[in-house]
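Open your viewer and get ready to click along. We will visit a few places, one selection at a time.

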Amino acid sequence: MTTQIIDQVRHVCTLGGLQSVLAIDRAIPVLHAGPGCGQKLWGAIGLQNGGQGSGYAGGHTVPCTNATERDVVFGATDKLEEVIENTFKVIDADFFAVLTGCTSDIVGDDVGDVVRQFQKQGKPIVWAETGGFKGSNFIGHELVLDAIFDQYLQPATEATPGLVNIWAVVPYQDPFWTGVYSELAELLRSIGLTPNIIFGPGGGVAALDRVTAAQFNLLISPWVGLKGVQQLEERFGTPFLHYPVLPIGPTETGKFLRTVAEFADLDRNKVEQYITERENHYYHYIERAAEVLLETRFLPRHFTTVTDSTYGLALAKFLVSDLGLIPDRLYVVDGIPDHLQEEVRGYFKDLGEGIGAEVTFTPDGGAVQNELRATKFRSRPLILGSAWERTLAKELNGFLLSVSMPVSDRLVFDRSYVGYTGGLRLVEDIYSAILSDFQ
Amino acid sequence: MSTIDIKRNEVPIRENRLGAVTGYVGTIGDLHERSSGCGVGNRERCFTQASACSSGCCQNQLASIADALVINHAPVGCAADSVGGNVNFKSGARLRGLEYVNVQVISTNLEERDTVFGATDKLRDTIRQAYERYKPNAIFVTASCVSGIIGEDIQSVLNELKDELGIPLVPAFCEGFKTKVWASGFDAAFHAVLHGIVEPPRFKTKTNKVNFVNFRGSARKEIINTFSKLGVEPVFLLQHSTVEEIRRISEARATVSICGTLGSYLGNALEQYYDVPYVKTEQPHGITGYKNWLRSLGTLLDAEDAVEAHIAAEEARIAPELEEIRARLKGKTAVVGMGPSFGHNYTRVLRELGVEVIWAATWHFDQNYDHGEVPESTKRLAEADESLQVSVGDQQNYEIVNLLAKLKPDIYVTRHGGSSVWATKMGIASYMITDEYAAFGFNGILNFGNVIIDKLTNRSLARKLAERIKLPYSDWWIAQDSFALLNAEGF
Ligand code: SF4
Ligand code: SF4
C-alpha cells in the first residue's frame with residue numbers, strides 16, 4: 001500500500017478543534033498536549049489564514065500542560081488538574097474545554113477522570129480526546145461539538161418556535177467563517193426564522209444554552225457536522241435539515257431558502273418576495289459589470305478548485321449555474337472519511353445546466369500541483385485554491401484567488417461569499433484578481 | 001564545558017548542555033553571578049500556557065535550505081508550521097531575488113494504527129515518494145513527539161535507503177516534549193547539518209568565506225559591502241543556502257551570527273572540529289555590539305585597519321542624527337521581551353538610545369554557550385547595570401501581562417509572534433522585531449530609533465483598542481505578584 005503522504009498542509013490535526021472552542025465567545029480550550037502543538041495549529045489555521053489572530057483568549061493565552069519527558073513516561077494527570085484549577089483562577093472565561101494532544105492519548109492519561117471532578121463542582125467544562133493522530137481538524141471540530149453536546153447541553157423545557165441552530169463551516173479553518181455564519185443568519189431572519197449562531201461574536205454560552213430549545217437544526221455542509229446533528233436528534237429529539245451546499249449566488253441561495261422554508265413550513269409568498277428582491281439587487285450589479293465579465297482580456301472560461309469539500313462544491317455550483325464557467329479539475333483536500341466519500345462525490349454530479357464534474361479527493365497538495373503542472377490549459381487557468389498555489393499560478397500564468405486554508409495572502413474580517421451579497425463579493429474578487437493581473 | 005560530538009546523530013538539549021532555564025526572576029547581576037558560579041536552578045510553574053516547541057525551530061531552519069526537503073515523521077498537525085514557514089521562505093526568496101517556490105515539508109501523516117504498530121514502512125515510502133517528486137539534494141527527517149514516544153527507529157530506515165537514493169538522508173531529533181527550550185530545535189537542525197552534510201575541509205588554506213548565521217538576511221547587501229572591505233565574502237546560513245554551500249562551511253575563515261542563541265552551536269562546533277573561529281562577542285545590534293563584533297572579526301581576519309577606518313567613518317556619519325534621536329527618546333521607559341540573545345542585546349541597544357529599560361524578560365536563558373562561557377551580552381549588561389530587573393519564562397503570557405500592568409512602560413519591545421498585541425490591548429505602545437537586522441550596526445540603530453519614536457508619537461490604535469476590550473485575565477490575577485505562580489527552585 002502506498003502511504004498517503006501530506007505535502008503542503010491544507011488542514012491540521014484533530015487538536016485543531018481548539019480553534020472551534022475559541023470561536024465560541026468567552027470560551028477557552030485547555031490543552032493537555034506538547035508545548036508546540038497549540039502554536040503550530042493556531043499559526044496555520046489562524047494567523048496564516050486570513051490574518052486571524054489570538055482575539056480574546058487565543059494564541060499564547062491558551063492554557064496548556066506543555067508535556068515534558070517526565071509527563072510522557074509517568075503520565076501527567078496531576079499536572080493537568082493543577083493547570084485546570086489555576087485556569088479557573090487566572091482566566092476570565094465562561095466555558096472551558098480540555099483537549100488532549102497525541103502525547104496524552106498515547107500515554108493514556110485518564111483525562112475524563114480529572115475533568116469529571118470539576119464537572120461535579122458545577123464548572124462549565126468538557127473534555128475531548130483530540131490527539132492529532134485521530135485525523136484532521138474537521139474531525140477535531142466534530143469531536144469538540146460531540147463533547148459539548150454530550151457533556152454540557154441540558155434538555156430544554158420546550159421548543160421555541162422558529163428558533164434554528166445553524167451549523168456550517170469549521171471556524172478558523174474557513175477564514176470567512178464569521179461572515180458565513182452572520183450571512184446565513186441574515187438569510188434565515190429575512191424569511192422569518194430566528195437563527196441561533198453559536199460561533200462568532202455575540203453567541204457564547206447563551207447561544208449554547210439555547211441549542212436544545214431549537215425547533216430544528218440546520219446543517220449546511222457536505223459532511224462535517226452530520227454526526228452532531230444526528231446526535232442532537234437522538235439525545236434531544238430535535239429534527240435536522242441537512243443541506244449539503246453552502247449557497248453562493250442567486251441560483252443556489254434561492255434553492256436553499258425554498259428548501260428551508262418548506263422544511264419549516266413558512267409562508268411561501270413572503271419567501272418568494274424576498275428572493276425576487278435580492279435577485280434584482282444581485283442582477284443590477286451583474287448587468288452593470290457585464291462588459292468586464294464578457295469583454296476583459298484573458299478571460300478564463302474554465303476554473304479549477306483546490307479547496308475543502310464545502311467550498312469545492314459551493315464555488316463550482318455558483319460558477320457553473322450563475323457565471324457560465326466550466327469546471328476543469330476539482331480537487332477536494334479535506335480528507336473526507338472513506339464511508340462518506342461516495343455521497344460527497346455524488347453532489348458534484350449535478351452542478352447545474354446539466355454539467356457535472358469528477359472530483360479528486362486527496363489531502364496531498366503537492367500531488368495536486370504536479371497534476372496541474374502536467375495539465376494542458378487552453379486559456380489562462382483560473383485557480384481557486386490556497387496560498388500554496390501562488391507559485392503554481394505564476395508558473396502556469398494563471399489567475400489565483402486564495403479562498404481555502406492557508407489563505408495567508410489575505411486579511412479577512414466579516415466578508416463571506418454566502419448568499420446574494422456573497423456572490424457579488426466573489427465576482428468582485430475573481431475579476432479584481434484578473435484585472436489587477438494583466439495591467 | 002560540554003564537548004560537541006557531531007559523530008552521534010543527536011545533540012543534547014539545552015537544559016543539559018547549556019544549563020538553560022525557563023523560570024527565573026531577579027536581577028541581571030544575580031543571574032550573571034550565579035551563571036558564572038554555582039548555577040541558577042530552574043523554577044517551574046503551577047500554571048502554564050501553550051509555549052512553542054523545538055520541532056518548529058528545527059524544521060523551519062532545515063526546510064529553508066534551498067535544495068533540501070524535510071520529512072516530518074508525525075501526524076499532520078506537527079507539520080502545520082510549514083504554512084508560516086512558507087510565508088517566511090517566499091518572502092526571504094523575494095528579498096534576495098531567488099526562485100519563487102514553495103517550501104518543501106512533507107508529513108508522513110501518522111494515524112492511530114501507526115501509534116500501535118509503528119510506521120517505519122510509511123517513513124520509507126514517504127522518503128521514496130518525496131525523492132521521486134522533487135529530487136532534492138538532501139532529505140532531513142524530523143522526529144516528533146509521536147515518533148519519539150512510540151520509539152520509531154528513524155536512523156535504520158535512512159541507512160537502508162542511503163545507497164538507493166544517493167543523497168544525504170539525515171535525521172533531526174527535535175521531539176517537542178524533550179525540552180522546554182524551543183531553541184534546542186536550532187541546535188537539532190545545525191547538528192543534523194554538521195552530522196550529515198558538512199564535510200571536512202578539502203584544502204589546508206581557508207577560503208575567503210565567512211559563515212553568517214542568520215534568518216532571512218535582509219541586510220545582505222550592506223554586509224556583502226562591508227565584508228568586501230575586509231577582503232571576505234559572507235555565506236548566509238541556513239535560509240536559502242544550498243546543500244553544496246553548507247557542505248563547505250568547514251573551509252571558511254570564520255563564523256559570525258546575528259543571534260547568540262541561534263549561532264552558538266554551529267559556530268562552536270565548526271571551531272572545535274575544523275578550526276573555523278567563531279566570533280563570541282555581543283551580537284552586532286546597535287553601536288557597541290557592532291563595533292566589538294566587527295573588531296573581533298577584523299582581528300581574526302587580520303583586517304584591523306580596514307575595520308577601524310570603517311568604524312570611524314560610520315560613527316562620524318551617524319553622529320548628528322543619533323544625537324537627535326537620543327534627545328527625543330530621553331526619559332522614555334521600555335520593557336523588553338525576547339529570546340535571551342536578542343533580549344540582552346536589545347536592552348543594550350535601547351540604553352544606547354537613551355531609553356530606560358525597566359525590565360528585560362527572555363523566553364529562556366542559557367547559563368553558558370557551547371564554548372563554556374556566560375553569553376557576552378549578559379556579562380556586559382551585568383557590568384553596566386547589575387540591578388536591572390530580569391525574568392525568564394517560556395512565553396508565559398499571563399506573567400507578561402501582569403508585569404506590564406504593573407510597570408506601565410512607554411513601550412514594550414518584543415520579538416515573538418503574538419506578543420506585542422497584548423501590550424497594545426493594554427494601551428501600551430509596542431514594537432515587535434520581525435527583522436533580525438532591525439538594529440544592525442550604524443544604519444540599524446538609526447532605523448530602530450526612528451521606529452521607536454514613531455511608535456511613541458501616535459498611540460491611537462493602542463489607546464482606543466484598550467478602551468474597548470477586556471483582557472482575558474481575572475482581576476484576582478492582575479492583583480497578584482507577577483511571579484506568584486512561579487514555584488521556588490527545586491519544586
Ligand atoms: S507534538 Fe511535539 S513536536 Fe509536534 S508540535 Fe506538539 S510539541 Fe511540537
Ligand atoms: S499531530 Fe499531535 S503532536 Fe502534532 S500538533 Fe497535533 S496533537 Fe500535537
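How far apart do the C-alpha centres of domain 2 of chain B and domain 3 of chain B lie? They are 26 Å apart. Before you select anything, note that this is a predicted model, where local features need pLDDT of at least 70, side-chain atom pairs count only at pLDDT 80 or more, and totals for chains, interfaces and linings use all residues. Residues are numbered from 1 along each chain as its sequence is written, chains are lettered from A and ligands numbered from 1 in the order in which they are written, and side-chain values use heavy atoms, leaving out hydrogens and water.

**Stop 1: the domains.** In chain B, colour domain 1 (14-20 + 52-196), domain 2 (209-305) and domain 3 (315-479); these bounds come from an automatic or database domain assignment.

Stop 2: Domain 2 of chain B and domain 3 of chain B bury about 2,500 Å² between them, with 57% of it on carbon and sulfur atoms. Buried area is the accessible area (1.4 Å probe) that two parts lose on being put together, summed over both. Now select Glu282(B), His285(B) and Ile287(B): in domain 2 of chain B, they lose the most area to domain 3 of chain B, together 25% of what that side buries.

**Stop 3: a charged pair.** Show Lys291(B) and Glu315(B), which form a salt bridge (a side-chain nitrogen of Lys or Arg within 4 Å of a carboxyl oxygen of Asp or Glu). Their closest N and O atoms are 2.6 Å apart.

**Stop 4: a helix residue.** Finish at Leu461(B), in helix H20 (residues 460-468) of chain B; helices are DSSP runs (H or I, at least four residues), numbered from the N terminus.

Technical notes. Helices (H or I, at least four residues) and strands (E, at least two) are DSSP runs, numbered from the N terminus.
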